[in-house]
Amino acid sequence: MATEPTPTQEAMLFGSRFLTEDAPDGPFPKTGMAALDAQRLVEEELQLEGDPNRNLATFVTTSMEPEAQQLIAENNYRNFIDHAEYPISAEIEQRCIRMLADLYNAPGETTGARCQGSSEAIMLGALSLKWKWKERREAENKSVGEPNLVFGGDVHVVWEKFCRYFDVEQRVVPLQPGKYTIGPDDVAPHIDENTIGVAAVLGTTFTGHADDIRGINDLLVKLKADKGHDVPIHVDGASGGFVWPFLYPHSEWDFRLEQVRSINVSGHKFGLVYPGIGWLVFREKSDLAEHLVFYENYLGETDATFTLNFSTGASMVLAQYYNFVRYGREGYGYVMKAMQENAKALVEKLDHCGHFELIGENEEQLPLVAFKLIDGKGYDEFDVSWQVAAERGWMLPAYTMPPDAQEVKVLRALVKHTLSRAQIDRLAKDIEHACDTLEKKGKGAHKSERKKIKRSPNI
Ligand SMILES: *Cc1c(COP(=O)(O)O)cnc(C)c1O
């Protein structure tokens, strides 16, 4: 057993002993340390992490208003699940769900849940699809076979996770070079009586575009009329759920479409709240499978729960409600349009510099720029990502597209409300400069200088 050094008198008097000693990282510490030392120890180590202002990769919120931060800090002790002790927090969750149902044009009274993020919301939404499918089969006295779920290769990894964790066959429609979303013709051949649903994406993590949800809906409406198979759609609006209602209000992807039965959205992406909040909203109360609701009375009152977790903080729910009342449709619209305008400015600059080909920049898209090098360069997208990080510290992710478009490499820059027009100008120049450097180095010279670091586009 390694003995732990005791701090010298001088270290205690003049500064942190961790200036000259390793941070505890193995055995459970025998003795403690002063609060200030512990705080410094943690903070100093964290300083080496990425700077969110140069992170063009993440969809997740990295900045909130001071008033919101205060609200979060003051309410961290509140255990959200404890509805008996904190009934107002629970009521605020319900208000948020009603507001989202309104934003998504639900026809009437609905239900939903606050989740840890879209991943939990998707697990729960897809579990509900599975149980509703079973109920339908049993009600019709039909055999219950092996359930399957249909989606495109453009989905987030969580959909494959769901299928593996909950024993559902995944029927994945492959992408193709130049085709990065799916539509009705793609899903039609995969659907049968054991299809629990189709998962459609609103704002893919790869290029920021939407599947043809309207087209898929029309296909499924026809299938219901012709063959009696009622196949629901779950829309993964993790990112798009807070973008489309404000940038493309006339585009129909939500409960205006008959087969869309549930929607998830990440509060911590374009809902503009710090990490730890996602939402699941059903079209109607009956779309939530009753089988998934648990009634318990440990905390003093009988409560219905529908979650994968139990205890969790209430702060992010309160912060989401803060944003809803603070911004309203008008404010969210303003922020989304500002990001879109800045994304367009970046598109123009990248187009103008002549190195790149933009991906779907004139289609409905998240506020991001997806682009690739034009053919015939002696370097690739990973080199650009590496070079721009080395020169300026920008985290500009490069990745390969999912099968069968895996030969296509893409660069992607999120344009969030923390990225001003001045920064956009700087970024465009820095990207161009990185390309010039790579060109000067000559064909292949840079290859030996770095490992190919593949960043997950799924963040
Ligand atoms: C981010 C994302 C997810 C996962 O959401 P979390 O909130 O990070 O759990 C799922 N689907 C899509 C399309 C996403 O962009």
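Start at Glu140. With a relative accessibility of 40%, Glu140 counts as partly exposed. Here, buried means under 20% relative accessible area, exposed means over 50%, and partly exposed lies in between, with a 1.4 Å probe and protein chains only.

Some housekeeping. This is a predicted model, where local features need pLDDT of at least 70, side-chain atom pairs count only at pLDDT 80 or more, and totals for chains, interfaces and linings use all residues. Residues are numbered from 1 along each chain as its sequence is written, and side-chain values use heavy atoms, with hydrogens and water left out.

Back to Glu140. Its side chain meets that of Lys142 in a salt bridge, 3.1 Å from N to O. By salt bridge I mean a side-chain nitrogen of Lys or Arg within 4 Å of a carboxyl oxygen of Asp or Glu. Lys142 is partly exposed too, at 42% relative accessibility.

How many salt bridges does the structure hold? The count is 24.

Here is another, between Lys134 and Glu138, at 3.6 Å from N to O. Both residues sit in helix α5, residues 118–139, four residues apart, or about one turn of the helix. Helices (H or I, at least four residues) and strands (E, at least two) are DSSP runs, numbered from the N terminus. Lys134 is partly exposed at 28%. Glu138 is partly exposed at 44%.

Next, a pair with a wider sequence gap. Glu439 forms a salt bridge with Lys377, with the closest N and O atoms 3.4 Å apart. Glu439 is in helix α12 (421–441) and Lys377 is in the loop between β11 (368–373) and α11 (381–392), so the pair ties together parts that are 62 residues apart in sequence. Glu439 has a relative accessible area of 42%, partly exposed. Lys377, at 21%, also counts as partly exposed.

Now the backbone. Most residues other than glycine have a negative phi, and most peptide bonds are trans. Asn141 has a positive phi, near 60 degrees. Asn141 is in the loop between α5 and β2 (148–152). At 74% relative accessibility, Asn141 is exposed. Asp167 also has a positive phi, near 55 degrees. Its loop runs between α6 (157–165) and β3 (169–173). Asp167 is exposed, at 61%.

Asp404 lies in the loop between β12 (398–400) and β13 (409–414).

Thr61 is in the loop between α2 and α3 (66–74). Is Thr61 buried or exposed? At 6% relative accessibility, Thr61 counts as buried. A polar atom of the Thr61 side chain lies 3.1 Å from the backbone oxygen of Val273.

Ile213 is in helix α8, residues 213–227. Ile213 is buried, with a relative accessible area of 2%. Its C-alpha atom is separated by 21 Å from that of Lys132, 81 residues apart along the chain.

That is the tour.

Conventions: A polar contact is a pair of N or O atoms within 3.5 Å; within protein, one must be able to donate a hydrogen and the other to accept it, and residues adjacent in sequence count only if both atoms are side-chain atoms.
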